[in-house]
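Please open the structure in your viewer and keep the selection tool at hand.

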Amino acid sequence: MTAEGWLNAYLDLNLLIALGAVLWFGLRWVLRRTSLGMAFLPQLRLMNGLTLLLALAPLLALVFTTWIMAHPPNLADLLVAQYLQGNMNISATSLETTLGLREDFVREMLAQQTLWSKVLAAVAAAGAGWCIAHICLSLWHLRVALRGAFVWRQIGRVQIRVSSTARVAFSTRGLFTRYVILPQSVLERPQDLRLTMSHELQHFRQKDIECEIVLELLRPFLFWNPAFVMWRREVRNLREYACDQSLSARPGFDVRAYCECLIRAVAEAGKKRTFFKRISPSVALVDGDELQGGAALRNRLIVVTSQQPTKPTFGTWALISAALVMMVLSTTVMLQRSGDWSHDRIMLSTIVNLERMASRPASTITFGVAPELQQAALQ
């Protein structure tokens, strides 16, 4: 794969994340007005699946164009066809310039001959490097936290450890073993211990650690993309809402005790905010959002105390999921570059040349065949 191919795959990934964010928040806006708006667990599963699909979409597009269809219909060819049919009120020169923006950008970035391309490449490299360093530091903090905790119990492949330095419980995983780290103070409150364990084990059932790993891997490539920042925040909110809601739906679950447990966890974490230095990949009982402002904790308490949503049929969510997947995959194909010059692209180029000739003064046109027409004929 050439450098041009990698750069185009990178651009596709950023564009798809932006598209995915638009689709998701549009869907959430619709769901909030239906009985599905409070069904957080199905929403989380759907969003986790979309996260993986968006991350793999450029690779899927590469496989599709390599093994199935070399030059599938794309957005540029569709726009050119609409222009030639008279459905777009724009000059041929403007259309060709617009369609060529991406190719011009890729060409400039690869050539590195302009100041802006050098600055942009330097900023992207510095940002990615900073994110990678931050992730490595977070992994180091996680390793230190795991080593500093002693093994309390082992349940199958889940190892429960107790730490004297951790203020809030969190969970993480290794290659084969999953870990729940409990602060030592929780052992003194049996009810908080039971609720905290239930919360962290629910994160394992929801595959939240695995999704957090995928988001961490994407961060160096998408750190500058606002859509990715919004996407990541939405995933984190949904995972906590889904976890809290799943626990509160259990028969005999003490909702009041759980709310008090969350409040105590936030108060305990507030005593030593250095706990919220990055320890990744991990999912905590409460995180920095609950500590920094009351809105995040308030929203969680509202979810826990709200009435449980009615269970929709499997077909409803399957239909929504299939529609989103089809939109993402079709957009991935439509973002691919045009192949060889098609008849429509040659026609557009001819019209562009004619527009350029028409814009010239008549005195500059000599007898015989103009250079633009010669170029158009050759094309």
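On a 1 Å grid over the protein atoms alone, a cavity is a set of points where a 1.4 Å probe fits but cannot get out, while a pocket is an open set with protein on both sides within 12 Å along at least five of seven lines; lining residues have an atom within 4 Å of a point. Grid points are joined across faces, edges and corners, and a volume is the space filled by probe spheres set on the points. By these terms, the structure holds 3 cavities of 30 Å³ or more.

This is a predicted model, in which local features need pLDDT of at least 70 and side-chain atom pairs count only at pLDDT 80 or more, while totals for chains, interfaces and linings use all residues. Residues are numbered from 1 along each chain as its sequence is written, and side-chain values use heavy atoms, with hydrogens and water left out.

**First stop: the largest cavity**

Select Pro183, Val186, Arg189, Ala265 and Leu285, the closest to the centre of the largest cavity among the 14 residues that line it. The space inside amounts to about 100 Å³. Next, colour helix H7 (190–205) and helix H10 (255–270), the elements that give two or more residues to this lining; helices (H or I, at least four residues) are DSSP runs, numbered from the N terminus. H10 gives the most, with 4 residues. The lining has 7 nonpolar, 2 polar and 5 charged residues, where Ala, Val, Leu, Ile, Met, Phe, Trp, Tyr, Cys and Pro count as nonpolar, Asp, Glu, Lys and Arg as charged, and the others, Gly among them, as polar.

**Second stop: the largest pocket**

How much space lies in the largest pocket? The volume is about 1300 Å³. Select Trp6, Leu7, Asn8, Ala9 and Tyr10, which are the closest to the pocket's centre of the 41 residues that line it. Then show helix H1 (3–31), helix H2 (40–68), helix H5 (101–111), helix H6 (115–148) and helix H8 (208–222), each of which supplies at least two lining residues. The largest share, 12 residues, comes from H1. By class, the pocket lining has 32 nonpolar, 6 polar and 3 charged residues.

Two packed helices are described by the angle between their axes and the distance between the axes. Axes are lines fitted to C-alpha atoms, for helices over the stretch in contact, and angles run from 0 to 180 degrees between N-to-C directions.

Select H8 with helix H9 (residues 226–248): they pack at an angle of about 170 degrees, with their axes 11 Å apart. H8 is therefore roughly antiparallel to H9 (the term covers angles over 145 degrees).

Leu44, Asn48, Thr51 and Ala55 of H2 make the contact with Asp208, Cys211, Val214, Leu215 and Leu218 of H8. These residues divide into 6 nonpolar, 2 polar and 1 charged.

**Last stop: H4 and H14**

Finally, select helix H4 (residues 92–99) and helix H14 (residues 343–359), which pack at an angle of about 125 degrees, with their axes 8 Å apart. On H4, the contact includes Leu95 and Leu99; on H14, it includes Ile351 and Val352. By class, this contact has 6 nonpolar, 2 polar and 3 charged residues.

Conventions. Contact means heavy atoms within 4.5 Å. Angles under 35 degrees count as roughly parallel, over 145 as roughly antiparallel, 65 to 115 as roughly perpendicular and the rest as oblique.
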